[in-house]
Amino acid sequence: MDFTDTPEEAEFRNRLRTWLAAHAAEAVIPEDPGERADAANAWHRRLHEAGYIGLSFPTEYGGHGLSPIYEAILNDELGRSGAPPIEGVGHLSNALRLFGSDRQRSELLPGLLSGAVRWCQGFSEPEAGSDLASLTTRAEVVEVDGGSVFRINGRKIWTSFAAVADWCFLLCRTEPEAAKHAGISVLLVPMSTSGIEVAPIVNAARNREFAEVTFTDVDVPVENLLGERGQGWSIANQLLAYERGPSDINWISRLAVQLRALEDDVRSGRLPDTPSVRTRLGEAYTELRALQVKVQRSLTDRVNGALPGAEGSVDKLLMARADQTFGHTMMDLRGSAPVVAEGLEWDIYVWSRAAGIYGGTAQVQRSIVAQRVLGLPRR
């Protein structure tokens with residue numbers, strides 16, 4: 001694990017750092033939470049125009065064909081500069097690349113990568129969050145006007161960016177008689193389709209990112225099936241694994257910047273310099289460093305050609321711990337000020353509380369590690 005930049009990587013980093021110094025101000029997160037989704041999309045499109053989206057994606061599908069290291073450098077520099085992270089396109093684009101038909105790739109990948117077409121993931125349901133395999137949203141093949149369509153009925157919740165999305169990457173049950181993991185498929189659903197209702201959810205950080213989405217007799221062509229019928233569970237697992245790795249570097253860099261700000265306040269006397277304060281800062285640093293080392297190990301596997309797998313659950317668990325340890329430390333040291341101000345620090349804290357839930361709860365991640373990484377029995 002040698003993460004010293006090669007001459008080529010150092011040149012890329014310096015060029016990127018120069019570009020960010022000139023353009024990062026364009027990506028300031030708006031105070032109005034309702035404007036943040038559009039601002040994030042505008043930043044995504046600006047990065048794409050500059051050639052920084054899809055760095056490790058194959059060139060034949062609109063990427064740059066570089067090593068995953070370059071994605072890690074990009075995310076590292078975004079975090080260091082204070083610029084917002086990239087919208088979650090890497091996992092969806094790879095799912096389309098690996099499982100999509102030629103038509104789906106040619107029609108959908110360019111808009112997804114550029115940010116011109118926005119996507120959401122219809123995964124969690126009111127009664128199927130942690131146990132996603134219990135989802136009940138159904139899609140049945142019916143004949144309409146001489147052709148076959150999937151007719152969708154059901155509800156999704158906590159669907160990020162559904163209120164602004166053009167398409168939905170939808171997990172639904174197409175084989176009701178099959179075992180619950182084996183009966184799930186993925187449909188690519190235009191959000192403009194008749195029968196879709198979106199109800200935004202305002203979270204504790206005042207953000208309108210989440211939504212509840214209801215599907216009532218929503219018809220989509222059978223050609224919108226991604227992969228094969230009943231393949232949805234394996235596609236979803238592959239997709240979620242791509243959320244780990246280079247993208248975690250951004251999380252680490254941003255937490256490191258925030259932790260250094262706390263340390264500077266202690267050194268300058270703005271916060272008390274006591275043994276207990278130093279201990280809390282040391283614990284936050286240790287958790288963050290443990291996450292960094294594990295993510296670098298995962299990144300090494302990616303660079304060596306391995307597809308991301310179940311080991312990413314370890315990264316997710318460490319990320320939640322590092323995030324929550326820092327959030328608790330910041331709030332304990334700052335006192336009531338972040339609560340009263342309800343600014344960025346409050347947003348950081350309340351978002352950290354969800355770190356053990358989104359993307360798979362900590363309990364589910366531990367089960368994945370136990371069964372699929374360590375090979376332990378279910379009982």
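1. By class, 13 nonpolar, 7 polar and 9 charged residues line the second largest pocket; here Ala, Val, Leu, Ile, Met, Phe, Trp, Tyr, Cys and Pro count as nonpolar, Asp, Glu, Lys and Arg as charged, and the others, Gly among them, as polar. The model is predicted: local features need pLDDT of at least 70, side-chain atom pairs count only at pLDDT 80 or more, and totals for chains, interfaces and linings use all residues. Residues are numbered from 1 along each chain as its sequence is written, and side-chain values use heavy atoms, with hydrogens and water left out.

2. The second largest pocket holds about 650 Å³ of space. Among its 29 lining residues, Asp76, Arg80, Ile249, Gln292 and Gln296 are the closest to its centre. Two or more lining residues come from each of helix 1 (7-23), helix 3 (68-81), helix 7 (246-268) and helix 8. Helix 8 gives the most, with 8 residues. A pocket is an open set of points on a 1 Å grid over the protein atoms alone, where a 1.4 Å probe fits, with protein on both sides within 12 Å along at least five of seven lines; lining residues have an atom within 4 Å of a point. The volume is the space filled by probe spheres set on the points, which are joined across faces, edges and corners. Helices (H or I, at least four residues) and strands (E, at least two) are DSSP runs, numbered from the N terminus.

3. Helix 8 spans residues 275-303 and includes Val295. Val295 counts as buried because its relative accessibility is 0% (buried means under 20% relative accessible area, exposed over 50%, partly exposed in between, with a 1.4 Å probe and protein chains only).

4. A network of salt bridges links Asp5, Arg13, Arg17, Asp76, Glu77 and Arg80. The whole structure has 26 salt bridges, each a side-chain nitrogen of Lys or Arg within 4 Å of a carboxyl oxygen of Asp or Glu.

5. Lys156 pairs with Glu125, with the closest N and O atoms 2.9 Å apart. Lys156 is in strand 3 and Glu125 in the loop between strand 1 (119-122) and strand 2 (138-144), 31 residues apart. Both Lys156 and Glu125 are buried. Asp265 pairs with Arg334, the closest N and O atoms being 2.4 Å apart. This pair joins helix 7, which holds Asp265, to helix 9 (residues 312-334), which holds Arg334, across 69 residues. Asp265 is buried at 10% relative accessibility, whereas Arg334 is partly exposed at 21%.

6. Arg278 and Asp273 also meet in a salt bridge (2.7 Å, N to O). Arg278 is exposed at 54% relative accessibility, and Asp273 is partly exposed at 44%.

7. Phe161 has a positive phi of about 65 degrees. Phe161 is in the loop between strand 3 (147-156) and strand 4 (167-173), partly exposed at 29% relative accessible area. Asp217 has a positive phi of about 50 degrees. Asp217 lies in strand 7 (residues 210-221) and is partly exposed at 45%.

8. Val373, Leu374 and Leu376 make a nonpolar surface patch of about 260 Å². Leu374 falls in the segment after helix 12 (362-373) and is exposed, at 57% relative accessible area.

Terms used:
Patches are made of residues with over 30% relative accessible area and no salt bridge: like charges are joined within 9 Å, nonpolar side chains (Val, Leu, Ile, Met, Phe, Trp, Tyr) within 5 Å. Accessible areas come from the Shrake-Rupley method with a 1.4 Å probe; for residues, only the protein chains shown count as cover.
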